[in-house]
Amino acid sequence: MTAPLEHVLALAVLLFAMGAFCALARRNLIMILLGVEIMLNACSIALVGASLKWQAMEGQAFTLFLMALTAAEASVGLALFVHARKRAGTLDSGGYSSMKG
Amino acid sequence: MKTLAFLILAAPLLGGLTLMVAGRNLPRRTCEAVACLAIWASFAAALSAWLSFPGGREVITLAPWFSAGPVTASLSVLVDPLALIMAVMVTFVSGIIHVHSVWYMRGEEGYVRFFCYMNLFVFSMLTIVLADNLLFLFLGWEGVGFCSFALIGHWYRESFRGLAGQKAFILTRIGDVAFVAAMALLVTNMGTLSISVIDERVITLSANGALVLGLLFLFAATGKSAQLPLLVWLPDAMAGPTPVSALIHAATMVTAGVYLLMRLFPLIAISPDAMLAVACVGGLTAFWGCLAALSQRDIKRILAWSTISQVGYMLLALGAGDVTGSMFHLLCHAFFKSLLFLAAGCVIQVLHEEQDVLHMGGFLRKARPEIFWLLLIGALDLASIPPTAGFFSKGRVLESVLAQPGQVYHALFLLAAAGAVITSFYTFRLVLLAFSGEPAKPFTHHPAVLPTGMARVLWPLAALALVAGAINLPPWVGGGWLERALASVPGVVPAHHVAHGSTAELVDLAAGLLGFGLAWLLYAPSRRPAPAALIAREDGPLSVFRGGLGLDALYRAVFARPYQALATVIWKGVDWGVVDGAAMGSGRVFAWASERVRPLSNGKLTLYLTMLVAGLAVLAAVLAGGK
């Protein structure tokens, strides 16, 4: 039995909102990155669901790219955090304000 | 003939170009030699062209130039006795001025520039003299304007000299506007700019067309020849080196206007009103110039005003329909005025740049008798004392005017005769003040030593100034050679219409002697008051004419001041206020707005992300709504 697309989309929206809330409300950089990952996963779910519904492979192919992207993002992001932590001594996003106008 | 015509033009051009390109890398002597040789080569070509000229007129196309619509312009020259005699005179006088300049400019720095422009000046003048196509002539016409600007402002480090150059350039350009307008009219009405063709087709012109063209060319000539109403640049042009003054006044620029009218004489002669206008401008300027010369203290300014006055006589003769008389006076004037200027240049250098005639005095005659004699010969010419050339040429002018019927011409004759008296008066005033009696300011230096050649090279000019009258003796003596030489030039009428015999010459003689007598009464060393009283007298009522009868001041008040005021309004009001204000204002608006926006970027990452998501949400909502 296949879940209807509406349910898949509802899950995706729920996940996306949670991820967005995590990315926006948390101040720890790792949690922000985590939130972004969850948002990307929500996108992947929506894409795969749509792909199944319309029997088109583009959505699934896109999801594969997204996986590669998130893996790269996580590795680069974590490396950046290590560096940032070394320089500023904190992972609190409020501690980085050198871009202030 | 083609080769010779080409050589006349090419030699000074080549000299000028050589100096322009290589002058800085050549030794000084070479530069001077190149400049002088160029002119004398041109003189040799002009002389042999004249001697070998069979007569009549010949149009020679040196090179094609361009053809656009109805206008065809080629670099063509029109060779006739008028042009050849003029070319010989121009190159001869310029040659002597060049040689004199070598000594005059001996201590100067910018000699390459000086000689380069002098050569180009002569080239431009020869273009005017020879050109058949008016557009080609106009090249020379603008060339003399530019070279005069460069040479009058030669010592540009003193700003008033540079300004005098600019003034000459701008005022003569006002006249040039009329020249261009006349050319446009000629193209539309006659379809040609060739002087020889114009002469043939001139009868097809309507009376009004001829009058308009005549007046436009007259206005162009008043600019170059410093006649009323455009004469105010010439006295200021004295700021240039003295040989430049001699060149401008005697051989090139100032005579160019008169020469242009002679060249286009058939065009002007078919409109009696245009002729009358030429005569009136000439007569009034002649009188105006000698009045202004009356009370000048600067030796060069006296000569400058006298040039304006004498060129007025040339125009007067032309307006009376006498090309020969005009040319005769032009030639004689070229000799004696260049002589006067170059001698005055010697005087100025001997006295260490003293130009005020009241500060000269009798010791100059004892210290430098040669200069005295040279200047005296020039003065006798200017004052028309027989048997100098000036006597015959001015007599011829008076004769022509007297021969014309009509009350206007008779009034002009009286004006010219009165002008002759005044001319003689101020000339002898100059001689008596500069060479006799006590100077008004004791001269403390020793007179400077001049190179001997500097004055000696002037003797040929002096000789010509004495005997050149022989080229055109009045009919009652036996008629003239110039008369016959110019007989083939269109529009030239033989002088046998003159029925007054020797009346004009008698008036001329009387005017010269009367002027001398008056000058002797006022300025003879024994009759002159003490120096202090003399200065008081000269700066008193007599000095009313010193400003050129207020014409310069009038132009300043009527044209220069309002223009300046308008320029200030546009500069400060429009440019600073509106244009700069708008630019600065918009800049300030953005600066103000950016101040308001700046606090938004507080460096907080979460806020940026929130904004990003909010923006995306809005975008998504818009896109979804658009579906």
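Predicted model: local features only at pLDDT ≥ 70, side-chain atom pairs only at ≥ 80, totals over all residues.
Tutor: Let's start with a term: a residue is buried under 20% relative accessible area, exposed over 50%, and partly exposed in between, with a 1.4 Å probe and protein chains only. Residues are numbered from 1 along each chain as its sequence is written, and chains are lettered from A and ligands numbered from 1 in the order in which they are written.

Student: Is B:Glu142 buried or exposed?

Tutor: Helices (H or I, at least four residues) and strands (E, at least two) are DSSP runs numbered from the N terminus, and B:Glu142 lies in helix H5 (residues 134–152) of chain B. Its relative accessibility is 16%. B:Glu142 therefore counts as buried.

Student: Which residues is B:Glu142 in contact with, leaving aside its neighbours within four places in sequence?

Tutor: Contact means heavy atoms within 4.5 Å. With those sequence neighbours set aside, the partners of B:Glu142 are B:Arg173 and B:Asp176.

Student: Which residue forms a salt bridge with B:Asp176?

Tutor: A salt bridge is a side-chain nitrogen of Lys or Arg within 4 Å of a carboxyl oxygen of Asp or Glu. Here the closest N and O atoms are 3.6 Å apart, and the pair links helix H6 (residues 159–190), which holds B:Asp176, to helix H8 (residues 207–224), 48 residues away.

Student: How far apart are the closest N and O atoms of B:Glu158 and B:Arg161?

Tutor: B:Glu158 is partly exposed at 39%, and B:Arg161 counts as buried at 16%. They form a salt bridge, and the distance is 2.9 Å.

Student: How many salt bridges are found over all chains?

Tutor: Side chains of opposite charge can pair when their charged atoms come close. Chain B has 39 positive side chains (Lys and Arg) and 31 negative ones (Asp and Glu), with His and the chain ends not counted. A search of the whole structure gives a total of 19.

Student: What area does the nonpolar surface patch with B:Val578 have?

Tutor: Patches are made of residues with over 30% relative accessible area and no salt bridge, like charges being joined within 9 Å and nonpolar side chains (Val, Leu, Ile, Met, Phe, Trp, Tyr) within 5 Å. B:Val578 lies in helix H25 (residues 551–597) and counts as exposed at 54%. Its patch also includes B:Leu566, B:Val569, B:Ile570, B:Val574 and B:Val579. With accessible areas from the Shrake-Rupley method and a 1.4 Å probe, only the protein chains shown counting as cover for residues, the patch has about 520 Å².

Student: What percentage of the residues of chain B count as buried?

Tutor: Chain B has 26 helices and two strands, and its C-alpha trace spans about 115 × 65 × 55 Å along its principal axes. Of its 627 residues, the buried share is 56%.

Methods:
Heavy atoms only, no water. Charge placed at Lys NZ, Arg CZ, Asp CG, Glu CD.
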